[in-house]
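Student: Please take me through this model, one question at a time.

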Amino acid sequence: MTDIQELLLSRIRDVADYPEPGVMFKDITPLLADPAAFTALTDALAAIAESTGATKVVGLEARGFILGAPVSLRAGLGFIPVRKAGKLPGATLRQAYDLEYGSAEIEVHAEDLTSGDRVLIVDDVLATGGTAEAAIHLIQRAGAEVCGLAVLMELGFLGARGRLEPTLAGAPLQALLQV
């Protein structure tokens with residue numbers, strides 16, 4: 001394990017039975033509260049953005065905003081929020097996706113992404129991959145290229161990597177931590 005992985009893991013708190021019994025929630029708020037750990041995380045994700053040749057960073061609501069915005073600043077790139085449906089004013093593109101119990105929709109401002117953009121998607125946790133997969137489709141529908149997906153941690157036992165790799169079409173999926 002690397003020093004940065006040890007630092008990040010030491011600042012992530014396990015919360016048992018949240019949001020429901022049997023779930024072990026990974027709380028990143030202690031990491032965000034620690035300037036050294038948050039800086040290390042931002043630097044690591046910005047390095048991924050630079051290595052993929054990204055021109056923009058997309059953050060997925062809501063914790064992807066917290067991570068993606070400083071990453072885009074550190075890498076000198078634009079930041080685009082992908083929001084839950086109905087939260088953005090103006091013309092949007094919308095993408096529906098299935099959840100464990102039901103469905104949801106995400107959207108982006110139609111004019112924020114263009115055919116020349118190479119987009120790195122940033123989020124905190126990769127669980128089942130439904131939101132990330134919907135974001136990939138949304139970005140592609142906007143005419144932009146997804147050049148990668150970067151997350152703080154991947155919950156490998158949920159199998160999202162296998163689900164996303166065909167949709168990513170060779171773009172890297174990088175997780176700083178595997179849980």
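Student: How much space lies in the largest pocket?
Tutor: This is a predicted model, in which local features need pLDDT of at least 70 and side-chain atom pairs pLDDT 80 or more, while totals for chains, interfaces and linings use all residues. Residues are numbered from 1 along each chain as its sequence is written, and side-chain values use heavy atoms, without hydrogens and water. A pocket is an open set of points on a 1 Å grid over the protein atoms alone, where a 1.4 Å probe fits, with protein on both sides within 12 Å along at least five of seven lines; points join across faces, edges and corners, and volume is the space filled by probe spheres set on them. For the largest pocket this comes to about 1,400 Å³.

Student: Which element supplies the largest share of the lining of the largest pocket?
Tutor: Lining residues have an atom within 4 Å of a point, and there are 37 of them here, with Arg63 and Val125 among the closest to the centre. Strands are DSSP E runs of at least two residues, numbered from the N terminus. The largest share, four residues, comes from strand E7.

Student: Is Ala175 buried, partly exposed or exposed?
Tutor: Ala175 lies in strand E9 (residues 173-178). Buried means under 20% relative accessible area and exposed over 50%, with partly exposed in between (1.4 Å probe, protein chains only). Because its relative accessible area is 22%, Ala175 is partly exposed.

Student: What separates the C-alpha atoms of Ala175 and Val151?
Tutor: Val151 is one of the residues that Ala175 touches (heavy atoms within 4.5 Å). The two residues are 24 residues apart along the chain, and their C-alpha atoms are separated by 4.9 Å.

Methods. Lists of a residue's contacts leave out its neighbours within four places in sequence.
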